[in-house]
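Subject: Structure handover, salt bridges

Hello,

Please find the structure below. My notes on its salt bridges follow.

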Amino acid sequence: MNKILIANRGEIALRIMRSAKEMGIKTVAVFSEADRNALHVRYADEAVCIGSAPSNQSYLVGSKIINACRLTGAEAIHPGYGFLSENPTFAQEVKDAGLILIGPTPEAMEVMGNKLSAKAAAMKYNIPMVPGTEEAITNVEEAKTRAIEVGFPILIKAAAGGGGKGMRIVEKVADFEEQMQLAVSEATSAFGDGSVFIERYVTSPRHIEIQVLGDTYGNIVHLFERECSVQRRHQKVVEEAPSSVLTPEIREKMGKCAVDVARSVSYVGAGTVEFILDENLDFFFLEMNTRLQVEHPVTEMITGLDLVKEQIKIARGEVLSFKQEDLTISGHAMELRVYAEDPLNNFLPDIGTLQTYQTPKGYGVRVDDGFEQGMEIPIYYDPMIAKLITYGKDRTEAIERMIRAIEEYDITGIQTTLNFGKFVMQHPAFVSGKFDTHFVGKYFTPDSLKTANEQEAMIAAIAAVLLLQNQKSSVQQSASAATQKSNWVQNRRNV
Ligand code: MV4
């Protein structure tokens with residue numbers, strides 16, 4: 001493999017190119033007209049424009065990407081995450097064109113792309129699953145009977161859905177019919193497939209996922225878990241590895257289950273098996289994501305592996321160079337997704353120019369981003385600006401380092417979720433490790449950010465007064481120090 005094309009943009013395109021470069025592999029970028037000056041275009045050895053800004057005219061058009069391979073002689077495609085990464089039709093087209101997709105087979109994507117077929121495949125291995133229906137239900141009366149058997153509250157899920165799309169919680173029998181009809185029509189319009197099924201609703205779960213790697217010889221290992229419970233409307237905000245609640249025993253059991261789920265579709269490449277964990281620490285398989293995930297860096301930090309390199313080696317037909325027993329967890333990693341969104345305004349995307357953009361540096365800090373100072377955040381794509389990742393000897397150090405890194409990060413021109421991230425890192429529930437998927441809804445209001453800012457301002461004011469009292473001989477000087485201090489607080493407000 002001498003040259004690969006990266007069918008993506010932003011931070012993940014750069015992330016992939018960096019590993020390819022270290023392996024001596026040439027890279028080809030594709031870009032839309034909105035990304036002409038983007039960093040991933042400059043970083044690549046070659047770049048091909050594949051269309052106008054909207055992704056359905058560029059990054060989502062498989063034929064344009066395959067043509068760009070022909071044009072440049074790239075032999076393989078890395079799809080990153082999002083866009084075409086989990087599209088079995090594209091995976092098949094790549095194969096048919098005589099190219100290599102750095103990822104799983106179209107068949108594995110197809111099975112795992114539907115929650116019901118994913119559960120059916122996993123069933124062969126006795127994987128724990130939430131009680132519910134094993135097939136799509138269409139008859140409302142029959143569905144209601146099953147719901148009563150399963151027990152309320154229940155969750156109606158769209159088979160074709162994913163990442164929380166097309167889910168409906170039903171608290172009591174009386175609401176069932178209406179909710180089911182809504183779920184079916186929602187699923188039909190969103191996915192062109194109205195199939196829905198029922199599960200008992202686990203009310204306060206933690207969202208824990210296991211990273212797996214499989215080679216083309218049937219060797220499959222897991223790379224431990226990532227805790228992703230801090231999310232807002234199914235958008236993950238903070239991820240960490242390892243999870244603070246898993247015991248070594250549960251970790252081993254969950255890891256084995258994840259490997260079995262992967263085995264059920266002869267999984268090749270990097271994938272993620274998603275579980276929920278209830279208050280009794282019982283876990284249940286939910287779905288499998290057949291791509292490299294956004295939050296993969298936390299796994300890299302605690303295992304010392306480069307997941308992109310592993311993906312490329314697997315695609316080249318190499319045997320995994322380690323066994324399960326060779327893998328251990330070392331230290332703790334945190335990731336904060338930095339979005340161009342305003343936490344004080346219901347997380348509305350905030351577009352504009354990065355007037356100041358200075359990333360944090362130093363020991364244990366990693367920033368995966370795709371922008372630099374002076375660039376504009378395009379409106380056409382995901383509003384994620386960067387991933388701020390910290391690593392420490394333990395969870396406390398990773399958190400302390402994250403707070404330090406957030407304070408060092410300097411972004412002006414747009415509102416970001418950095419201060420929201422600091423709120424999370426300082427929250428007693430997060431610090432103690434006692435939280436679930438309801439963390440944000442339960443604890444966050446815009447006032448929690450204002451309060452933090454006001455407290456900082458108050459401390460600065462008290463410090464200024466003390467300074468004045470203690471330095472009576474140089475009143476003039478102290479007053480100016482107080483002003484400076486309050487300016488400093490002012491400037492920190494949006495950091
Ligand atoms: C669940 C669940 C509770 N019970 N299934 C969300 C993402 C998708 N992969 C599946 N998800 C969930 N499935 C059962 N049977 C809880 C979630 C869930 C969630 C649900 C509502 C609101 C926020 C959530 C955040 C994470 C997971």
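Glu11 and Lys387 form a salt bridge (a side-chain nitrogen of Lys or Arg within 4 Å of a carboxyl oxygen of Asp or Glu), with 3.0 Å between the closest N and O atoms. Because Glu11 sits in helix H1 (residues 10–22) and Lys387 in strand S19 (residues 384–392), the pair ties together parts that are 376 residues apart in sequence. Helices (H or I, at least four residues) and strands (E, at least two) are DSSP runs, numbered from the N terminus. Glu11 counts as buried at 6% relative accessibility, and Lys387 does so at 0%. Buried means under 20% relative accessible area, exposed over 50% and partly exposed in between (1.4 Å probe, protein chains only).

This is a predicted model, in which local features need pLDDT of at least 70 and side-chain atom pairs count only at pLDDT 80 or more, while totals for chains, interfaces and linings use all residues. Residues are numbered from 1 along each chain as its sequence is written, and side-chain values use heavy atoms, leaving out hydrogens and water.

A second salt bridge joins Glu86 to Arg291, the closest N and O atoms being 2.5 Å apart. Glu86 is in the loop between strand S4 (76–78) and helix H4 (88–96), and Arg291 in the loop between strand S13 (283–289) and helix H10 (296–303), so this pair ties together parts that are 205 residues apart in sequence. Glu86 is partly exposed, at 30% relative accessibility.

Within helix H12 (residues 395–408), Arg401 and Glu397 lie four residues apart, about one turn of the helix. Their side chains meet in a salt bridge (3.7 Å, N to O), and both residues are buried.

The search of the whole structure finds 34 salt bridges.

Regards
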